[in-house]
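Q: I have not looked at this one before. Can you walk me through it?

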Amino acid sequence: MVAALVGGAITMHATTDSVTFNYSAGVTLNTGGEQFAPYYIASNRGGTVTQQHSALINAAIKHEVDTTVRLSWGVGAEVWAGYTSSANYSRYDVASLQWYENSQHPSRAWVQQLYAMGKYRGVFLVLGQKYIDAGVVNRKLSSGDLIMSYNARPLPGVRAGFINFQNVPFTRGWLQVRGECGYYHDSGKKWLENHYNYYNQFITTNIWLNYKNFYLRTNPSKPLMLTVGAQAVCQFAGTTTYYKAGEVENQVKMKADFKAFWRALIPGSGGETRGDKSFYQGNHLGSWDIALDYRLRNGDVIRAYYQSPWEDGSGLGMMNGFDGLWGIEYRRPGHGIVTGAVFEFLDLMNQSGPMHFSPSDFVDDTHPGGSDIAYKATGSDDYYNNYCYNGYQNRGMAMGTPMTRSPLYNTDGYLRFTDNRMRGFHMAVMGELGQQFGYRAMLSWRKSYGTPFVPRLEPVTCTSMMLEGTYAPRWLNGLLFTVQVAHDHGKLYGGNNTGALLSVSYSGNFSLEK
């Protein structure tokens, strides 16, 4: 029901005589004390509720593929509309040589999901805009996956892969595999153009993205189950325009041809010159993921997991120290006062060290082969940032962990992450208080030092907390009331902020005869 409220999700099941559609619709109201909603109201919600005040409606319908048959299909649509308050961003006017306040708010109506899906045996194909289920973390309780969380709107594209985990041949079910690969187009060009300051740094539009993951796990029917795998993302193509004091200094158009798509899939040379050949084309990032599940005799599950992020070869080789998301999760199937709990520690302080050097960084007429120094030390990974691509975000919201302050909050019109060198913890618990009432509570603390390239003069902190209550009355099956109260304390987001959210949703189903 929470998913139906937050994302408007609905499912459908096909039979031999009819197709059953599940639908949902809801109203969401929120208010707060600052320009943006408190952290736990805005984060991991698909970028739907971000502003200080909102009055939104949503509706969705979805037909899920039937995994019990060889050939199946699915479709889905989700739309949002309504009022949201504005936030002021700084913008420079080169004609008058003046800065002014640029008031911006999310679209009054938008499509959150719209897709068609097909499945044959264990393989699926998706066309359109649909959330990606990836990683090893719990969507409802975790602070968020390091690479593909639910913090931002999904991107439109095409992807294919294994549906759920599939048995590896000749292993008798002792080993299973899951994976997918897709290409997506950044549809947030207007958002970037509307929020950029047009004074310094750069803006990159018309970006493509390749995302892939691959996981192996042992037999899930056994008490102990191990899952290992990886995620990888590449931003590529697009046009980067560099500004200096309000004037266009340079513009670089990166190709979106077959070679670019291939080098995004399998990292390859960034160009034909000797210097360019030393670099990979596009902005690559990802994570190594590992999880260990232990199922108790009563059916409860304890999971320990770790995600290790990487931005280049040094991180890929895990030369980034203790960096990563370290977590432990408790799950109880069925009903209970506590049905799930999570504790996570996030450390992004090392980033493969503060120095970045490569001999090919210094290719010129004097050194056509690069620096005379033969050795190199790669580092200063600058997680989620790149020298020619905007931060790893969609419409201002981080696509990876929201614990790194998203570019949405950069009211100076800067389009990258300003606080990715940080550490902190997150904890959450959820459960039921009877058959009609549920709850969820979250608490986190973070301390940020800025970025490896632009450190803060003084570190800043933020303590965030949220309490959620749900009521599903017996007198009308499908009706759900949700109330959230959240608070942020600290300077990371500019000041203290208290807010509340109320939503009402209804879900049901209907059938169509074949």
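**The largest cavity and what surrounds it**

A: Start with the largest cavity, which is lined by K130, Y131, I132, M148, S149, A152, R153, P154, L155, Y184, L209 and M399. Keep in mind that this is a predicted model.

Q: What volume does the largest cavity have?
A: Its volume is about 150 Å³.

Q: And how many cavities of 30 Å³ or more turn up in the whole structure?
A: A search of the whole structure gives seven.

Q: Back to the lining. What does L209 touch?
A: Setting aside residues up to four places away in sequence, L209 touches L155, G182, Y183, Y184, V233, C234, Q235, F236, Y392 and M399. L155, Y184 and M399 also belong to the lining of the largest cavity.

Q: Which residues touch the most other members of the largest nonpolar core?
A: L209, Y211 and Y392 do, in a core of 62 residues. Helix α2 (residues 39-42) supplies the largest share of this core, with four residues.

Q: Which residues are in the second core?
A: That one is separate and has eleven residues, including Y183, C234, A264 and Y389. Nonpolar side chains tend to be buried together in soluble globular proteins.

Q: Let's zoom out. How many helices and strands does the chain have?
A: Five helices and 27 strands.

Q: What share of the residues count as buried?
A: Of the 514 residues in the chain, 52% do.

Q: And how much of the contact comes from residues 24 or more positions apart?
A: Such residues account for 64% of the contacts in the chain with a separation of 6 or more.

Q: On to strands. How do β13 and β14 pair?
A: They pair in the antiparallel sense, over ten bridges. A hairpin of five residues joins β13 to β14. Y211 stands opposite V233 in β14, and Y211 is also one of the residues named for touching the most other members of the largest core.

Q: Why is β14 described as largely enclosed by the rest of the structure?
A: Because ten of its 13 residues are buried.

Q: Which other strand does β14 pair with?
A: β14 also pairs with β17 (residues 283-295), in the antiparallel sense and over twelve bridges. In that pairing M225 stands opposite D293 in β17.

Q: Where is N219?
A: N219 is in the loop between β13 (208-218) and β14 (224-236).

Q: Buried or exposed?
A: N219 counts as buried, because its relative accessibility is 12%, and the cut-off for buried is under 20%. Leaving out residues up to four places away in sequence, N219 touches G173, W174, L224 and M225.

Q: Which strands make up the open sheet of three?
A: The order is β12-β15-β16, with antiparallel pairing.

Q: Why is one side of β12 and of β16 left without a neighbour in the sheet?
A: β12 (202-205) and β16 (247-254) stand at the edges and each has a single partner strand, so one side of each has no neighbour in the sheet. On average, neighbouring strands of this sheet are turned by 15 degrees against each other, direction ignored.

Q: How many bridges join β15 to β16?
A: Seven bridges join β15 (residues 238-244) to β16, and the two strands run antiparallel. One example is T241, whose bridge partner in β16 is Q251.

Q: Where is L492?
A: L492 sits in the loop between β26 (479-490) and β27 (497-513). L492 counts as buried because its relative accessibility is 3%.

Q: What is L492 in contact with?
A: Leaving aside neighbours within four places in sequence, L492 is in contact with R405, D419, R446, S448, R456, V460, T461 and C462.

Q: How far apart are L492 and R446?
A: They are 46 residues apart in sequence and 8.5 Å apart in space, C-alpha to C-alpha.

Note on methods:
Residues are numbered from 1 along each chain as its sequence is written. This is a predicted model: local features need pLDDT of at least 70, side-chain atom pairs count only at pLDDT 80 or more; totals for chains, interfaces and linings use all residues. Side-chain values use heavy atoms; hydrogens and water are left out. A nonpolar core is a set of buried Ala, Val, Leu, Ile, Met, Phe, Trp, Tyr and Cys residues joined through side-chain atoms within 4.5 Å. Buried means under 20% relative accessible area, exposed over 50%, partly exposed in between (1.4 Å probe, protein chains only). Contact means heavy atoms within 4.5 Å. Two strands pair if DSSP finds at least two bridges between them. Axes are lines fitted to C-alpha atoms, for helices over the stretch in contact, and angles run from 0 to 180 degrees between N-to-C directions. On a 1 Å grid over the protein atoms alone, a cavity is a set of points where a 1.4 Å probe fits but cannot get out, and a pocket is an open set with protein on both sides within 12 Å along at least five of seven lines; lining residues have an atom within 4 Å of a point. Grid points are joined across faces, edges and corners, and a volume is the space filled by probe spheres set on the points.
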